[in-house]
Amino acid sequence: MSRLTILGGYLLPSVMEGPKKGWGLTIEGNTIVALGPNAELRQSYPALDFLDASDKIILPGFVNSHMHLYGLLSHGIPIRVPPRGFYAFLQDFWWPQVEDRLDHDLIRSATALACLTMIRSGITTFCDILEAPRAIPGALEVEAEVVAQSGLRAVLSFEATERMGAENGQLGLEENARFIQEHPRTGCISGMMCLHTTFTCSPPFIQKAKSLATELGSDIHMHLSESSYEPQYCMEKYGVWPVKLYEQLGFLGPDVLASQCVQVRPEEIAILEQQGVRVSHMPLSNCEVGGGISPVPDLLTRNITVGLGSDGYINNFFEVMRGAFLIHKAARQDTLAMPSTAILRMATEWGARAVGLSSVGTLEAGHLADVILIDGDCDTPLTDFNLMDQVVLYRHPTDIDTVIVDGQFLMKNKEVLTLDESKVKAEAQQAATRLWG
């Protein structure tokens, strides 16, 4: 596709701008060149191809700001003894039964399945965190090959950790550095420095990762206080809470993406704001591991950029949005907490900012053409007033009709064009069987 005008029923350029009835947009190459009323676009671009989406809602593609692609192979995995507590979940189940078993073939199959799932959920950009200590070097390139085939936009990283020793930790840092150098942010796939947490990484290792990221001009990611385990660990070992420890190590800054941020205290939130740290929120997976509910409303009050992530757990992004919409209302006993406008910004514009991308997340002239079309045949009337509620609360992946990334169709008329769906699913079944042992 080189030039195309999409004539919409509704266009949502951004949450702040609000919905535009009878508007569409024009794409040339990989860039949005115009937005406006359908009639004006027809007149201004008469020689272009037209896509009639008058029964559709045109939205920016969703941004999944925290993903573990390999996590999909664990869905339904037999658990002999259910772990009790967050650290037991990692030590007794997740590390030995999932991450430590991953090899290149399993990563390849998981990546294809995850990309297929994300396309069908309207996700056009994602940030992935791969921890597969026995699959390096080369694991990120395996992911990148499949992601490139899918056509999705991605920031890929390897979660470096010393839990299997200093040598393996160094391999993880080198895996990130190599990938960052070979995949600059000029393309659809780029890299990011990444480490795990304070309880699997020593202070010198954390500082080394940060120094390397600075040297490479890269953002850096870590998991932060996903449960009460890490704060307790830091207080017992270092005498401070995790955010304070990171501040003392000179780690924090506007180039940092901190995921989870569940058990963070008000004084830590203040530091995150002062340092310009970005955050990714995983409402459903935080529930799964018993971590708690992140104080996202407090983060947003502090003007901290917060994106929305699936964590490789429940990857239906509409369910993730609904989870974020609902759990904070329940936790705070406040019906006004986390309105659909905030949720949709986290799923688009703020998610893009969280992962360090500035030309996606909103629809505007000059931005990259990452666009989704959602069926507008809601059960009740679709209006300017309720459009965002209708999308967040009452739409589903089956309502995603078209997905365009970088000006290219990945899905059209509900058919995925870049991946062989039956082959991907069959290979994922075999891969999961092998992973489960």
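**Exercise 1.** Which residues line the second largest cavity?

*Solution.* Start with the ground rules: this is a predicted model, where local features need pLDDT of at least 70, side-chain atom pairs count only at pLDDT 80 or more, and totals for chains, interfaces and linings use all residues. Residues are numbered from 1 along each chain as its sequence is written, and side-chain values use heavy atoms, leaving out hydrogens and water.

Next, the term: a cavity is a set of points on a 1 Å grid over the protein atoms alone where a 1.4 Å probe fits but cannot get out, and lining residues have an atom within 4 Å of a point. Now read off the lining: Phe 86, His 196, Thr 197, Phe 199, His 223, Ser 225, Glu 226 and Glu 230.

**Exercise 2.** Find the residues that line the largest cavity.

*Solution.* Look for Leu 12, Ser 14, Val 15, Leu 59, Pro 60, Leu 344, Thr 348, Glu 349, Gly 361 and Thr 362.

**Exercise 3.** Work out how H12 and H15 sit relative to each other.

*Solution.* First, find helix H12 at residues 317-332 and helix H15 at residues 387-394; helices are DSSP runs (H or I, at least four residues), numbered from the N terminus. They pack at an angle of about 110°, with axes 7 Å apart. Axes are lines fitted to C-alpha atoms over the stretch in contact, and angles run from 0 to 180 degrees between N-to-C directions. Angles of 65 to 115 degrees count as roughly perpendicular, so H12 and H15 are roughly perpendicular to each other.

Finally, check who meets whom: Phe 318, Met 321, Arg 322 and Phe 325 in H12 touch Val 391, Val 392, Leu 393 and Tyr 394 in H15, with contact meaning heavy atoms within 4.5 Å.

**Exercise 4.** Name the bridge partner of Ile 220 in S12.

*Solution.* That partner is Val 256.

Methods:
Helices (H or I, at least four residues) and strands (E, at least two) are DSSP runs, numbered from the N terminus. Angles under 35 degrees count as roughly parallel, over 145 as roughly antiparallel, 65 to 115 as roughly perpendicular and the rest as oblique. Two strands pair if DSSP finds at least two bridges between them. On a 1 Å grid over the protein atoms alone, a cavity is a set of points where a 1.4 Å probe fits but cannot get out, and a pocket is an open set with protein on both sides within 12 Å along at least five of seven lines; lining residues have an atom within 4 Å of a point.
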